[in-house]
Amino acid sequence: LLSKRLEQVGKFVPQNARLADIGSDHAYLPVALMLQHQITYAIAGEVVKGPYQSAKRQVQKNGLSHQIDVRLADGLEAITLADTIEAITIAGMGGTLIRSILENGKQKNRLSHQERLILQPNIGERSLREWLMQNRYEIIDETILEENQKIYEIIVAQPVKEVMSYTQQELLFGPILRQHPSEILCRKWEREATQRQYVLTQLQQASVLNQSKYDATKQELEWIQEELT
Ligand code: SAM
């Protein structure tokens with residue numbers, strides 16, 4: 001039933017957890033985890049009406065309406081502290097969007113800072129790791145996988161008391177991922193290097209050089225080249 005990507009996301013959800021899946025679309029993830037008795041309760045949050053209705057149908061079809069609440073809401077407004085959520089999954093969106101969902105949730109007091117966060121950004125992992133670091137989360141696990149010619153990263157974070165200090169390279173490559181070099185990881189960063197080389201050429205050709213963007217891109221390219229050797 002589940003894609004390889006969502007199956008991997010699900011593996012990081014603790015046994016018997018109360019889960020909130022934000023941006024749930026068809027609610028495939030909470031439904032699958034409930035059917036395999038991995039979770040005891042779930043909230044499926046969706047901000048768009050169409051997917052919200054698909055999620056409701058999927059939950060009803062599987063006879064899970066008592067265990068999975070489907071809620072129409074923006075981001076973490078789907079949950080309150082009274083829901084005593086233990087794990088939050090946010091998958092299949094850009095890192096910047098996931099980051100803003102977490103930031104808004106924090107501002108609106110929807111995070112107890114007890115929950116495990118399981119995040120699967122399609123792009124923009126760096127800015128997401130930065131938010132985690134600044135908000136007292138430790139990255140406890142990461143994985144990278146390929147499906148339908150797309151490469152996905154999954155980041156698992158757990159609340160901690162002290163602010164973690166990750167280096168710029170750890171934020172970019174992932175503190176855990178970079179410890180386990182793999183063929184997929186190399187392929188991803190070869191692509192990323194090519195893309196940055198292209199950006200540098202474009203910047204050089206512009207009538208006015210954007211020096212700070214140029215320097216930042218060049219620095220990242222150097223880090224990538226070091227990481228690949
Ligand atoms: N999580 C599923 C997955 O990984 O396969 C669905 C991913 S789908 C590409 C992204 C979903 O997030 C869409 O259904 C979209 O409506 C929803 N979404 C986007 N922004 C949201 C927000 N602020 N709050 C709740 N849902 C959101």
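Predicted model: local features only at pLDDT ≥ 70, side-chain atom pairs only at ≥ 80, totals over all residues.
Residues are numbered from 1 along each chain as its sequence is written. Helices (H or I, at least four residues) and strands (E, at least two) are DSSP runs numbered from the N terminus, and two strands pair if DSSP finds at least two bridges between them.

**Sheet**

- An open sheet is formed by 7 strands in the order β3-β2-β1-β4-β5-β7-β6, and its pairing is mixed.
- Because β3 (68-72) and β6 stand at the edges with a single partner strand each, one side of each is left without a neighbour in the sheet.
- Direction ignored, neighbouring strands of this sheet are turned by 15 degrees against each other on average.
- Within β7, Ala157 stands opposite Ile139, while Pro159 is the bridge partner of Tyr137.
- The hairpin of β6 and β7 has 2 residues between the strands, and in this hairpin Asn148 takes a positive phi near 50 degrees.

**Shell around the ligand**

- Around the ligand there are 16 residues, of which Gly23, Asp25, Val47, Ala91 and Gly92 come nearest; a residue is near a molecule or strand if its C-beta atom, placed from the backbone, lies within 6 Å of it.
- Both β2 (39-46) and β4 (87-93) supply at least two residues of this shell, and β4 gives the most, with 3 residues.
- The shell divides into 8 nonpolar, 5 polar and 3 charged residues, where Ala, Val, Leu, Ile, Met, Phe, Trp, Tyr, Cys and Pro count as nonpolar, Asp, Glu, Lys and Arg as charged, and the others, Gly among them, as polar.

**Helix packing**

- Helix α4 (residues 95-107) and helix α5 (residues 125-134) have axes that come within 7 Å and cross at roughly 20 degrees; axes are lines fitted to C-alpha atoms, for helices over the stretch in contact, and angles run from 0 to 180 degrees between N-to-C directions.
- α4 and α5 are therefore roughly parallel to each other, given that angles under 35 degrees count as roughly parallel, over 145 as roughly antiparallel, 65 to 115 as roughly perpendicular and the rest as oblique.
- Helix α7 (residues 183-205) packs against helix α8 (residues 211-228) at an angle of about 150 degrees, with their axes 9 Å apart, which makes α7 roughly antiparallel to α8.
- The crossing in which α4 passes α5 is left-handed, and α7 likewise passes α8 in a left-handed crossing; a crossing is left-handed if the near helix is turned anticlockwise from the far one by less than a right angle, and right-handed if clockwise.

**Domains**

- The domain assignment of the chain gives domain 1 (4-165) and domain 2 (184-228), with bounds that come from an automatic or database domain assignment.
- Taken over C-alpha atoms, the centres of domain 1 and domain 2 are separated by 31 Å.
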